[in-house]
Amino acid sequence: MKIAFATQDMKRVDAHFGWAKNIAVYEISEDGYECVGVHEFDGELNEDGNEDKLGPKLAAVADCAILYVAAIGGSGAARVVAKNVHPIKVSSPELIDDLLAQLRKVLAGTPPPWLRKALLKGRERTFALDEEVGHGAQ
């Protein structure tokens with residue numbers, strides 16, 4: 001499962017989604033996690049009501065299940081959710097490694113329903129039929 005982080009310093013979730021200089025993308029699994037991509041953004045990133053600047057950021061997180069941010073506007077949040085990405089706002093800057101370690105613990109236990117749904121992102125939805133189906137008592 002891929003997780004995205006809005007970050008200015010590449011170590012912490014410390015950026016507003018629209019103003020982030022970087023979106024770091026990690027792949028997380030039972031075995032651990034690794035950074036699989038960094039999307040860098042430059043130019044005018046300040047709050048200005050310009051929704052066009054969100055396009056490249058939305059593309060950067062499109063295949064992620066979760067997006068950690070320090071803040072996100074209502075329009076940005078709606079557009080992220082429309083891509084089936086679950087935004088999570090941190091109340092103060094948090095280390096990306098700490099958030100990934102916490103998430104691994106939750107995944108190893110019994111994840112909440114929203115997280116179980118997020119785990120399915122990017123996987124083809126198939127329903128395994130028991131071989132016994134259709135072979136009832138004869």
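User: Which residues form one aromatic cluster?

Analyst: The cluster consists of F5, Y26, Y33 and Y68. The model is a predicted one, in which local features need pLDDT of at least 70 and side-chain atom pairs count only at pLDDT 80 or more, while totals for chains, interfaces and linings use all residues. Residues are numbered from 1 along each chain as its sequence is written, and side-chain values use heavy atoms, with hydrogens and water left out.

User: Why is the pair of F5 and Y68 called stacked?

Analyst: A search of the whole structure finds three aromatic pairs. In the pair of F5 and Y68, the ring centres are 5.2 Å apart and the planes meet at 10°, so the pair is stacked; rings of Phe, Tyr and Trp (its six-membered ring) pair if their centres lie within 6.5 Å, and planes under 30 degrees apart count as stacked, over 60 as edge-to-face and the rest as tilted. F5 belongs to strand β1 and Y68 to strand β5 (residues 66-69), so this pair ties together parts that are 63 residues apart in sequence.

User: How do you know whether F5 and Y68 are buried or exposed?

Analyst: F5 has a relative accessible area of 0% and is therefore buried, and Y68, at 7%, is buried as well; the cut-offs are under 20% for buried, over 50% for exposed and partly exposed in between, with a 1.4 Å probe and protein chains only.

User: What makes the pair of Y26 and Y33 edge-to-face?

Analyst: For Y26 and Y33 the centre-to-centre distance is 6.2 Å and the angle between the planes is 65°, which is edge-to-face. Y26 counts as buried at 11% relative accessibility, whereas Y33, with 32%, is partly exposed.

User: How do you know that K57 has no salt bridge?

Analyst: The nearest side chain of opposite charge, D42, is 9.6 Å away from the buried K57, whereas a salt bridge needs a side-chain nitrogen of Lys or Arg within 4 Å of a carboxyl oxygen of Asp or Glu. The side chain of K57, a residue of helix α1 (residues 54-61), does reach the backbone oxygen of G18 at 2.8 Å.

User: What makes K57 a charge over the face of F41?

Analyst: K57 lies over that face at 5.0 Å from the ring centre of F41, where the criterion asks for NZ of Lys or CZ of Arg within 6 Å of the centre and within 35 degrees of the ring normal.

User: Why is N84 called exposed?

Analyst: Its relative accessible area is 59%, so N84 is exposed. N84 sits in the loop between α2 (74-82) and β6 (86-89), and its phi is near 60°, a positive value in a residue other than glycine.

Notes
Helix = DSSP H or I, 4+ residues; strand = E, 2+ residues; numbered from the N terminus. Lys, Arg positive; Asp, Glu negative; His and termini not counted. Polar contact = N/O pair within 3.5 Å; in protein donor to acceptor, adjacent residues only side chain to side chain.
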